[in-house]
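Thanks for making the time this morning. I would like to walk you through one model, going from its charged side chains to its rings and its nonpolar surface.

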Amino acid sequence: MKRISFAEISIFVLKYIFNWRFWIAEITKKSKAYKKFIDKMLFEDDEIVVIPNTININKKIESEGSEFLPTEIIKDVIKRCDDIVIMDTCLCRTSNDCKDYPQDIGCIFLGPTSKKIPRSIGKKATVEEALAQVDKADAAGLSHIIGRNKIDTVWMNVRPGKGLLTICHCCPCCCLWKVYPNLDSDISDKLEKLDGVQVKLHDDNCKKCKKCLDMCMFKAISMEDGKITIDTDNCKGCGLCANSCKFDAISIEYSDKTIENVVNRIDNLYEKEL
């Protein structure tokens with residue numbers, strides 16, 4: 001009889017409770033003890049940065065005389081890593097049985113702790129395969145979240161967390177971080193907008209189709225007095241709204257002021273030798 005692994009049990013439980021995630025997150029605003037417990041168990045020492053999808057950008061970053069796209073931040077970190085595992089499927093999209101985005105574009109895990117990930121979850125990959133995965137996610141219209149995410153070490157039962165960096169490819173309908181507006185700010189503040197990114201509205205082009213309202217994972221877009229507005233405090237610059245707008249009413253602009261610092265900061269989020 002085949003022995004059931006911890007990872008298989010975790011996946012079963014996560015899929016079962018996935019649609020309860022908003023309710024689970026909401027309690028962190030109501031109970032300090034519960035918030036402290038959830039933060040300790042799932043989000044301790046997390047530092048996560050949202051990287052926009054770069055298929056339909058309005059301005060490329062000029063860096064050292066060459067065109068630079070935000071996705072290059074992810075690629076630069078990947079190129080510096082020897083230990084890479086690509087997840088076979090996206091746990092969020094399979095749990096939600098997503099029909100709009102590919103379920104087979106899974107997370108990328110970097111760092112020495114990735115070597116402990118069960119092969120039933122993902123496969124060891126080369127740098128080239130990981131770079132191709134990023135391009136595939138971009139082409140599918142997904143945005144990216146990169147950083148240290150304790151919840152991944154918990155459900156996969158791998159340690160230490162300081163040796164693991166996660167790259168998620170997120171859709172607007174299934175991403176775990178859609179719970180962002182439901183979480184207490186002490187936890188949600190660990191998810192950051194990429195420095196130098198700006199999301200801009202162009203009212204003259206807006207047809208008020210409201211598609212951008214459905215695309216925003218962070219509830220940063222609303223309709224007020226017949227006009228679309230963006231809450232800059234909640235907006236994380238994922239780019240999904242701009243990519244979905246067929247009327248060029250929303251654009252993303254970038255600055256190269258802090259790009260090098262961001263690359264180095266993300267690269268230093270995990271320990272390469274443990």
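Let me start with a question: is Asp231 buried, partly exposed or exposed? Asp231 counts as partly exposed, because its relative accessibility is 32%, where buried means under 20% relative accessible area, exposed means over 50%, and partly exposed lies in between, with a 1.4 Å probe and protein chains only. Before I go further, please keep in mind that this is a predicted model, in which local features need pLDDT of at least 70 and side-chain atom pairs count only at pLDDT 80 or more, while totals for chains, interfaces and linings use all residues. Residues are numbered from 1 along each chain as its sequence is written, and side-chain values use heavy atoms, with hydrogens and water left out.

Asp231 sits in the loop between strand 12 (227-230) and helix 10 (240-244), helices (H or I, at least four residues) and strands (E, at least two) being DSSP runs numbered from the N terminus. Together with Glu224, Asp225 and Asp233, Asp231 forms a negative surface patch. For patches, residues must have over 30% relative accessible area and no salt bridge, with like charges joined within 9 Å and nonpolar side chains (Val, Leu, Ile, Met, Phe, Trp, Tyr) within 5 Å. Lys and Arg count as positive and Asp and Glu as negative, while His and the chain ends are not counted, and the place of a charge is taken as NZ of Lys, CZ of Arg, CG of Asp or CD of Glu.

Now to the salt bridges, of which a search of the whole structure finds 10, the criterion being a side-chain nitrogen of Lys or Arg within 4 Å of a carboxyl oxygen of Asp or Glu. One of them joins the side chains of Lys190 and Asp39, at 2.6 Å from N to O. Lys190 lies in the loop between helix 8 (185-188) and strand 9 (191-193) and Asp39 in helix 3 (residues 32-43), so this pair ties together parts that are 151 residues apart in sequence. Lys190 is buried, with a relative accessible area of 17%.

A second example is Lys75 with Asp135, whose closest N and O atoms are 2.6 Å apart. This pair links helix 4 (residues 71-79), which holds Lys75, to helix 6 (residues 127-139), which holds Asp135, across 60 residues.

Turning to the rings, the search finds three aromatic pairs, with rings of Phe, Tyr and Trp (its six-membered ring) paired if their centres lie within 6.5 Å, and planes under 30 degrees apart called stacked, over 60 edge-to-face and the rest tilted. Among them, Tyr180 and Phe218 are edge-to-face, at 5.4 Å centre to centre and 85 degrees between the planes. Tyr180 is buried at 6% relative accessible area, and Phe218 is buried as well, at 2%.

Finally, the nonpolar surface patch consists of Ile4, Ile9, Phe12, Val13, Tyr16, Ile17, Trp20 and Trp23, with about 940 Å² of accessible area together, areas coming from the Shrake-Rupley method with a 1.4 Å probe and, for residues, only the protein chains shown as cover. Helix 1 (residues 6-17) gives the largest share, five residues. Tyr16, which lies in helix 1, is exposed at 64% relative accessible area.
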